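Subject: Structure handover

Hi,

Here is the structure we talked about. Please open it and follow along with the notes below.

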Amino acid sequence: MKKNVLVKILVGIVVIGGGLGYFVYQAMQSSWSYYYSVDEFSQSESSMKDVTFRIAGRVKPDSVARDLQAMTLSFILAGTNSEVPVVYKGTVPDNFTEDIEVVVEGRLDVDGTFQADLLLTRCESKYKAKVD
């Protein structure tokens with residue numbers, strides 16, 4: 001009888017622990033997203049349809065177009081050898097300019113345009129050493 005109760009308690013702990021672990025994993029999964037470079041993305045573009053992921057690259061100079069009415073921003077994200085057209089709808093960060101490193105998160109549409117849900121900019125002054 002005592003062994004039966006112990007097994008039930010152990011099974012209950014495993015089930016509850018597994019459930020909690022799964023929920024923690026799901027909640028943190030978006031912050032663990034891998035950043036693909038533009039070149040990595042271009043090499044495996046066909047397998048990335050309908051999947052949310054992040055791409056890091058540099059905004060190509062003279063490629064930025066803004067539609068203030070629709071709050072839409074489009075630009076080309078450039079890598080070393082490849083480029084990806086990006087459309088972002090939402091509030092643009094204050095320090096967004098051309099020729100700056102950005103990270104976009106979203107999905108690739110059927111036309112080959114990356115539909116970004118999130119646009120992050122990097123403040124390069126934080127990463128450069130001060131010159132005395």
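R54 and E105 are both buried. Buried means under 20% relative accessible area, exposed means over 50%, and partly exposed lies in between (1.4 Å probe, protein chains only). The side chains of R54 and E105 meet in a salt bridge, 2.7 Å from N to O. A salt bridge here is a side-chain nitrogen of Lys or Arg within 4 Å of a carboxyl oxygen of Asp or Glu. This pair links distant parts of the chain: R54 is in strand β2 and E105 is in strand β6 (residues 101–108), 51 residues apart. Helices (H or I, at least four residues) and strands (E, at least two) are DSSP runs, numbered from the N terminus.

Before you read on, two notes on the source. This is a predicted model, in which local features need pLDDT of at least 70 and side-chain atom pairs count only at pLDDT 80 or more, while totals for chains, interfaces and linings use all residues. Residues are numbered from 1 along each chain as its sequence is written, and side-chain values use heavy atoms, with hydrogens and water left out.

The structure holds four salt bridges. Two of them involve R58. D99 pairs with R58, with the closest N and O atoms 3.7 Å apart. D99 sits in the loop between β5 (83–89) and β6, and R58 in strand β2, 41 residues apart. E101 also forms a salt bridge with R58, at 3.6 Å between the closest N and O atoms. E101 lies in strand β6, 43 residues from R58. Shared partners join R58, D99 and E101 into one network.

How accessible are they? D99 is partly exposed at 42%, R58 at 28% and E101 at 31%.

Now the rings. The whole structure has six aromatic pairs. Rings of Phe, Tyr and Trp (its six-membered ring) pair if their centres lie within 6.5 Å; planes under 30 degrees apart are stacked, over 60 edge-to-face, and the rest tilted. Y36 and F53 have ring centres 5.8 Å apart and planes at 90°, so the pair is edge-to-face. Y36 is in strand β1 (residues 35–37) and F53 in strand β2 (residues 53–59), 17 residues apart. Y36 is partly exposed at 26%, while F53 is buried at 5%.

F41 and F114 also pair edge-to-face, at 6.4 Å and 80°. F41 is in helix α2 (residues 38–43) and F114 in strand β7 (residues 114–121), 73 residues apart. F41 is buried at 0%, and F114 is buried at 0%. Y36, F41, F53 and F114 form one aromatic cluster.

Best wishes
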